[in-house]
Amino acid sequence: MRAVVIARAGGPEVLEERDVGEGLPPPGEGEVLVGVSAAGVNRADTVQRQGRYPAPPGASPYPGLECSGTILALGPNVPSRWAVGDQVNR
């Protein structure tokens, strides 16, 4: 999987595209794994990049709080309205 990572605190130049591997942990309780096809950057992402807003515990380390894509996997106790293959917009 390729992802944009924040290499260190700073301006846009600290964003790097990297291969982050295929060994992703399975989704946790009530979570889904989304194969992202598009992501947006909002103010929280920008402030996180600047090193002034750490990701909450357990949150993805990758920027892009707004995204759309396809559900690839379901964690335990995900509401039945969601299924693998569903399109999501967030």
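These legends describe close-up views of a predicted model.

**View 1. The largest pocket and its centre.** The largest pocket has a volume of about 1600 Å³. Its lining is made up of 45 residues. Val36, Ser60, Tyr62, Gly64 and Cys67 are the lining residues that lie nearest the pocket's centre. By type, the lining holds 30 nonpolar, 10 polar and 5 charged residues.

**View 2. Elements around the largest pocket.** Several elements give two or more residues to the lining of this pocket. Four are strands: E1 (2–6), E3 (32–40), E4 (66–74) and E5 (87–89). The other is helix H1 (43–49). Which element gives the most to the lining? Strand E3 does, with 7 residues.

**View 3. An open sheet of 3 strands.** The strands follow the order E3-E4-E5, and their pairing is antiparallel. E3 and E5 are the edge strands. Each of these edge strands pairs on one side only. From one strand to the next, the twist averages 30°.

**View 4. The pairing of E3 with E4.** How many bridges join E3 to E4? There are 8, and the two strands run antiparallel. Look for Val34, which stands opposite Ile71 in E4.

**View 5. The salt bridge between Arg2 and Glu17.** The whole structure has 2 salt bridges. One of them joins the side chains of Arg2 and Glu17, at 3.1 Å from N to O. This pair links distant parts of the chain. Arg2 belongs to strand E1, and Glu17 to strand E2 (residues 15–19). The two residues are 15 residues apart. Is Glu17 buried or exposed? Glu17 has a relative accessible area of 56%, so Glu17 counts as exposed, the cut-off being over 50%.

**View 6. The salt bridge between Glu16 and Arg18.** Here the side chains of Glu16 and Arg18 meet, at 2.8 Å from N to O. Glu16 has a relative accessibility of 30% and counts as partly exposed. Arg18 also counts as partly exposed, at 37% relative accessibility.

Notes:
Residues are numbered from 1 along each chain as its sequence is written. This is a predicted model: local features need pLDDT of at least 70, side-chain atom pairs count only at pLDDT 80 or more; totals for chains, interfaces and linings use all residues. Side-chain values use heavy atoms; hydrogens and water are left out. On a 1 Å grid over the protein atoms alone, a cavity is a set of points where a 1.4 Å probe fits but cannot get out, and a pocket is an open set with protein on both sides within 12 Å along at least five of seven lines; lining residues have an atom within 4 Å of a point. Grid points are joined across faces, edges and corners, and a volume is the space filled by probe spheres set on the points. Ala, Val, Leu, Ile, Met, Phe, Trp, Tyr, Cys and Pro count as nonpolar, Asp, Glu, Lys and Arg as charged, and the others, Gly among them, as polar. A salt bridge is a side-chain nitrogen of Lys or Arg within 4 Å of a carboxyl oxygen of Asp or Glu. Buried means under 20% relative accessible area, exposed over 50%, partly exposed in between (1.4 Å probe, protein chains only). Two strands pair if DSSP finds at least two bridges between them. Axes are lines fitted to C-alpha atoms, for helices over the stretch in contact, and angles run from 0 to 180 degrees between N-to-C directions.
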